Amino acid sequence: MRVRTDQAWALRPAAPADLEDIVELRAVVMRPDLVRLGRYDEHRVRQRMRDSYAPEHTSVIVVDGRFAGSVTLRPYEDGRCLESFFLDEALQGRGIGSGVLRLLLARTDAEGVPVRLNVLRGSAARRLYERHGFVTEREDPVDVFMIRRPEPAA
């Protein structure tokens with residue numbers, strides 16, 4: 001378990017039983033950006049998570065012993081794809097997301113592989129990714145597609 005800004009957090013492997021907690025968190029966390037983009041659909045936001053859930057590549061973020069979020073790091077092309085990175089809104093801004101991201105990126109750096117992701121245009125999460133070395137590859141009217149190349153070993 002790691003400690004960041006007075007919050008004890010850990011990652012544990014996801015299980016099929018975690019799906020509905022992740023689905024509901026996704027709907028809450030993504031709603032403001034999807035509404036802003038005119039793309040919010042109460043059913044679709046949940047169904048897309050149900051359709052793409054891959055517990056074998058997903059970790060659950062646990063804070064103080066409770067479900068607090070999720071993150072998926074799926075094999076993709078020549079590296080990994082970071083998906084479904086959600087953290088309870090009450091816990092955002094406390095360094096937990098940065099800590100989780102640092103841990104995952106240390107793993108991909110050790111493997112020497114790039115990490116790709118997409119983030120909704122205008123999302124505050126984009127700043128988090130940029131702080132951790134992600135750069136924009138391309139954009140469309142809804143998404144920003146980003147990549148982070150592995151950092152060389154020290």
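Select helices α1 and α2 to start: they pack at an angle of about 135°, and their axes are 9 Å apart. That angle makes α1 oblique to α2, and the crossing of the two helices is right-handed. The model is predicted.

**The α1/α2 contact**

Show side chains on both helices. On the α1 side, select L19, E20, I22, V23, E24, R26, A27 and L34; these residues meet V45, R46, R48, M49 and R50 in α2.

**Around α2**

Now keep α2, residues 42–52, and colour by accessibility. Which residues of α2 are buried? They are V45, R46 and M49. Look down the axis of α2: the buried residues fall within an arc of 90°, so they line one face of the helix. As background, an α-helix has 3.6 residues a turn, so residues three or four places apart point the same way.

Next, go to the start of α2 and select D41 and H43. A side-chain oxygen of D41 comes to within 2.9 Å of the backbone nitrogen of H43.

**S70 in β4**

Move to strand β4, residues 66–76, and pick S70. Is S70 buried or exposed? Its relative accessible area is 1%, and the cut-off for buried is under 20%, so S70 counts as buried.

Draw a distance from the side chain of S70 to S84: a polar atom of that side chain lies 3.0 Å from the backbone oxygen of S84. Then select the surroundings of S70. Setting aside residues up to four places away in sequence, S70 touches I22, T58, S59, V60, I61, S84, F85 and F86.

**L117 in β6**

The last stop is L117, in strand β6, residues 115–120. L117 has a relative accessibility of 4% and counts as buried.

Which residues is L117 in contact with, leaving aside neighbours within four places in sequence? Select L82, Y129, F134, V144, F145 and M146 to display them.

Finally, draw a line between the C-alpha atoms of L117 and E137. The two residues are 20 residues apart along the chain, and these atoms are separated by 9.9 Å.

Conventions:
Residues are numbered from 1 along each chain as its sequence is written. This is a predicted model: local features need pLDDT of at least 70, side-chain atom pairs count only at pLDDT 80 or more; totals for chains, interfaces and linings use all residues. Side-chain values use heavy atoms; hydrogens and water are left out. Buried means under 20% relative accessible area, exposed over 50%, partly exposed in between (1.4 Å probe, protein chains only). Helices (H or I, at least four residues) and strands (E, at least two) are DSSP runs, numbered from the N terminus. The arc is that of the directions from the helix axis to the C-beta atoms. A polar contact is a pair of N or O atoms within 3.5 Å; within protein, one must be able to donate a hydrogen and the other to accept it, and residues adjacent in sequence count only if both atoms are side-chain atoms. Axes are lines fitted to C-alpha atoms, for helices over the stretch in contact, and angles run from 0 to 180 degrees between N-to-C directions. Angles under 35 degrees count as roughly parallel, over 145 as roughly antiparallel, 65 to 115 as roughly perpendicular and the rest as oblique. A crossing is left-handed if the near helix is turned anticlockwise from the far one by less than a right angle, and right-handed if clockwise. Contact means heavy atoms within 4.5 Å.
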